[in-house]
Amino acid sequence: MQHDIPGDVNGDVLRRLVADGDNLSVPRTLDFQIIFPDEKSATRFAEVVSSKFDSVKIKLFEKGKPGLAWDVTGSRMMLP
């Protein structure tokens, strides 16, 4: 099966999955994570994108660097 895999770090993950025998034609829940400097920015972003995801969660990013402390994770069932 031929896959249109991007030439970036996300594509690297997909190529490793294929090399390990994973079937990329099977839908699964994928998480998209974005880190924000403050809770207000994270909350606003989550409000804007919430209709595009099955779920959106906001939490304090424990391993965050100064200025990057809030984690927004959007999850969606889709093909990788």
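Good morning. The model is a predicted one, in which local features need pLDDT of at least 70 and side-chain atom pairs count only at pLDDT 80 or more, while totals for chains, interfaces and linings use all residues. Residues are numbered from 1 along each chain as its sequence is written, and side-chain values use heavy atoms, with hydrogens and water left out.

Let me begin with the overall fold. The chain contains two helices and three strands. Helices (H or I, at least four residues) and strands (E, at least two) are DSSP runs, numbered from the N terminus. Read from the N terminus, the order of elements is α-β-α-β-β. The radius of gyration of the chain is 15 Å, well over the 12 Å that the globule rule gives for 80 residues, so the chain is more spread out than a compact globule. That radius is taken over C-alpha atoms, and the rule is 2.2 Å times the number of residues to the power 0.38. Along its principal axes, the C-alpha trace spans about 45 × 25 × 20 Å.

How much of the chain counts as buried? Of its 80 residues, 16% do. Here buried means under 20% relative accessible area, exposed means over 50%, and partly exposed lies in between (1.4 Å probe, protein chains only). As for contacts (heavy atoms within 4.5 Å), residues 24 or more positions apart account for 53% of those with a separation of 6 or more.

In soluble globular proteins, nonpolar side chains tend to be buried together. In this chain, the largest nonpolar core has five residues, namely F36, A42, A46, W70 and V72. The elements that give two or more residues to this core are α2 (39–49) and β3 (68–78). Such a core is a set of buried Ala, Val, Leu, Ile, Met, Phe, Trp, Tyr and Cys residues joined through side-chain atoms within 4.5 Å. Setting aside neighbours within four places in sequence, A46 is in contact with V56, I58 and V72.

Next, two residues on facing sides of our discussion: K57 and T73. K57 belongs to strand β2 (residues 55–65), whereas T73 belongs to strand β3. Is each of them buried or exposed? K57 counts as exposed because its relative accessibility is 59%, and T73 counts as buried because its value is 18%. Not counting residues up to four places away in sequence, K57 touches D71, V72 and T73.

Finally, the largest pocket, whose volume is about 270 Å³. Which residues line the largest pocket? They are N10, V13, L14, L17, R28, L30, D31, F32, M78 and P80. Elements α1 (9–19) and β1 (28–36) are those that give two or more residues to the lining. The lining divides into seven nonpolar, one polar and two charged residues.On a 1 Å grid over the protein atoms alone, a pocket is an open set of points where a 1.4 Å probe fits, with protein on both sides within 12 Å along at least five of seven lines, and lining residues have an atom within 4 Å of a point. The volume is the space filled by probe spheres set on the points. Asp, Glu, Lys and Arg count as charged, Ala, Val, Leu, Ile, Met, Phe, Trp, Tyr, Cys and Pro as nonpolar, and the others as polar.
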